[in-house]
Amino acid sequence: MFHKFEGKYDKIILEPLKKEDIEDLRLLRNKKENRECFIYQKEISKEEQEKWFEKYLEKETDIMFVVSLKEDKRPIGYVALYDINDEKKTCEFGRIIVDKTKVLEKGIGTQITKCCCDIGFEKLGMNMIYLEVFSDNIPALKTYLKVGFIERKRYIKNNKEIIYMEYFK
């Protein structure tokens, strides 16, 4: 959905995703090493990305962000909160993707995760944020544990083990 939520944390800024960002997002998402971190792993065409963006704008329960560095406003990645449930005060964290060719510094994923969750808790009024991650995605798991997510269960989907985690306000 179109939104005006923004956040800052240490060296990064989160701003709303705009139409001019979607081609960069698509190209980054289509890199093999990034696709492997998503449940849907097929390459996305330009047309599919544009259709997705149009549907995204209509969804009331989905907000995406462009991640930029504070120092030069250079976009380095993307992240989202989705399946926002105002009644239950819960939402899902995910779609995090960082262009490792644009930022070599360690800890950026932690900053992005923390900033996005802060928006969920402070600006959206959520009480719990959850996520799912492949069990072999060790860097992501370390990030989520560092931020405060707690492992709740593991299950197999499409022959891959997935960990379900929660983070409370």
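1. I163 touches L131, E132, V133, S135, L141, E151, K153 and R154, leaving aside residues up to four places away in sequence. The model is predicted. I163 sits in strand 8, which covers residues 160–168. Is I163 buried or exposed? I163 counts as buried, at 0% relative accessibility.

2. One of the partners of I163 deserves a separate look: L141. I163 and L141 are 22 residues apart in sequence. Their C-alpha atoms are 9.0 Å apart in space.

3. Now the fold as a whole. The chain has five helices and eight strands. Along the sequence they follow the pattern β-β-α-α-α-β-β-β-α-β-α-β-β. The radius of gyration is 15 Å, close to the 15 Å that the globule rule gives for 169 residues, so the chain is as compact as a globular protein of that length. Along the principal axes, the C-alpha atoms fill a box of roughly 35 × 35 × 35 Å.

4. Next, packing. Of the 169 residues in the chain, 48% are buried. How much of the contact set with a separation of 6 or more comes from residues 24 or more positions apart? Such residues account for 58% of those contacts.

5. Then the surface and the charges. The chain exposes about 9600 Å². Carbon and sulfur atoms supply 51% of that area. The chain carries 34 positive and 32 negative side chains. The centres of the two sets lie 3 Å apart.

6. How many disulfides does the structure hold? The count is zero. C115 is in no disulfide, and the nearest cysteine sulfur, that of C116, is 7.3 Å away. The cut-off for a disulfide is a pair of cysteine sulfur atoms within 2.5 Å. C115 is also buried, with a relative accessible area of 2%.

7. C116 needs its own entry. C116 counts as buried, at 0% relative accessibility.

8. To sum up for the file: the model is predicted. The chain has five helices and eight strands, and buried residues make up 48% of its 169 residues. I163 in strand 8 is buried, as are C115 and C116. The structure holds zero disulfides.

Key:
Residues are numbered from 1 along each chain as its sequence is written. This is a predicted model: local features need pLDDT of at least 70, side-chain atom pairs count only at pLDDT 80 or more; totals for chains, interfaces and linings use all residues. Side-chain values use heavy atoms; hydrogens and water are left out. Helices (H or I, at least four residues) and strands (E, at least two) are DSSP runs, numbered from the N terminus. The radius of gyration is taken over C-alpha atoms; the globule rule is 2.2 Å times the number of residues to the power 0.38. Buried means under 20% relative accessible area, exposed over 50%, partly exposed in between (1.4 Å probe, protein chains only). Contact means heavy atoms within 4.5 Å. Accessible areas come from the Shrake-Rupley method with a 1.4 Å probe; for residues, only the protein chains shown count as cover. Lys and Arg count as positive and Asp and Glu as negative; His and the chain ends are not counted. The place of a charge is taken as NZ of Lys, CZ of Arg, CG of Asp or CD of Glu.
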